[in-house]
Amino acid sequence: MKWLNLFRVNLKKEYIELKRYLPNTIAMILTFYFIFLGLFGVIHFFGNPSTQDANIQFVIVNYVFWYLSLMVIQQIGYDIVNEGMRGTLEQLSMSPMGILKILITRLIANNIIYGIIILILLYVSMLTAGQWLNVDIISILPLFIFTVIGMMGLGLIIGGISIILKQVQAILQVLQFLLAALAFIPLVASPIMYFLPFVIGIDLVREIMINGATLMEIGWINITLLIINALVYFGIGVFVFHSCERFAMRRGLLGQY
């Protein structure tokens with residue numbers, strides 16, 4: 001019941017903020033749509049006509065997951081910076097639920113809201129490009145969930161660093177390009193890609209959306225690798241966040257900005 005109430009409150013909070021600052025929300029969505037238009041324009045006017053359709057489909061899937069990774073991974077960092085500026089960060093740590101549980105439920109709430117936005121962006125992008133992907137929700141959903149869990153692990157690492165350093169905006173800006181690389185570089189580029197966060201999940205979703213594969217065709221080995229990858233990175237994220245939180249409490253950094 002406590003988890004449910006915490007989730008409900010955070011979901012309401014995130015919805016109210018997006019609605020209250022509606023011009024900023026609209027600008028954020030339009031910005032990423034215009035980025036897609038730029039990528040689509042380059043492929044359409046300068047790309048190889050023989051591979052144009054495949055390239056456009058590849059870009060649609062990757063840019064949508066890049067947007068998702070930005071929202072999931074950067075959110076905790078920005079939340080902690082904002083809470084520190086408001087002077088409420090220490091209050092979160094004093095909550096009976098603890099700051100980690102609050103941030104995780106806030107992330108889940110964000111994932112639901114931004115998941116709806118991303119789904120809309122996906123269909124708008126397909127309509128714009130005239131390329132219709134295989135949106136098999138039943139096959140995509142489990143892969144999507146574990147991909148997001150891996151992203152949440154990275155988000156917790158960024159959150160832990162934010163508690164100590166406070167100002168991490170420059171780091172988050174650099175992170176955008178690293179996330180773009182993880183989203184756009186295919187899994188077959190190098191065996192190292194299997195050990196990087198959420199790359200496996202994006203690659204498997206691409207197989208479904210572009211090549212029309214099913215979960216059975218993807219195989220349990222790939223799905224198991226995705227699950228292990230997601231849980232390992234989430235576990236590392238929880239450990240790093242707890243370590244940073246304890247360090248900040250010992251140094252008295254939670255109440256400072």
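Q: What share of the 257 residues of the protein chain counts as buried, and what makes a residue buried?
A: In this predicted model, 47% of the 257 residues count as buried. The cut-off is under 20% relative accessible area.

Q: Why does the radius of gyration of the protein chain agree with a compact globule?
A: A compact globule of 257 residues would have a radius near 18 Å. The protein chain has 19 Å, so the two agree. Along the principal axes, the C-alpha trace spans about 60 × 45 × 35 Å.

Q: How many helices and strands are there in the protein chain?
A: There are 10 helices and zero strands. Along the sequence the pattern reads α-α-α-α-α-α-α-α-α-α.

Q: Why does the span of helix α8 agree with its number of residues?
A: Helix α8 covers residues 199-211, which is 13 residues. At 1.5 Å a residue, these should span 18 Å. The end C-alpha atoms are 17 Å apart, so the span agrees. Just after α8, G212 has a positive phi of about 75°.

Q: What makes α8 mostly covered?
A: In α8, 10 of 13 residues are buried, each under 20% relative accessible area. Among them are the charged-type residues D203 and R206, along with I202, L204 and V205.

Q: Which helices do the buried residues of α8 pack against?
A: They pack against α3 (52-86), α5 (99-129), α6 (137-165), α7 (169-184), α9 (215-218) and α10 (220-251). Packing here rests on contact, with heavy atoms within 4.5 Å.

Terms used: Residues numbered from 1 in each chain as written. Predicted model: local features only at pLDDT ≥ 70, side-chain atom pairs only at ≥ 80, totals over all residues. Heavy atoms only, no water. Helix = DSSP H or I, 4+ residues; strand = E, 2+ residues; numbered from the N terminus. Rg over C-alpha atoms; globule rule 2.2 N^0.38 Å. Buried < 20%, exposed > 50% of the residue type's maximum accessible area, 1.4 Å probe, protein only. Expected span 1.5 Å × (residues − 1).
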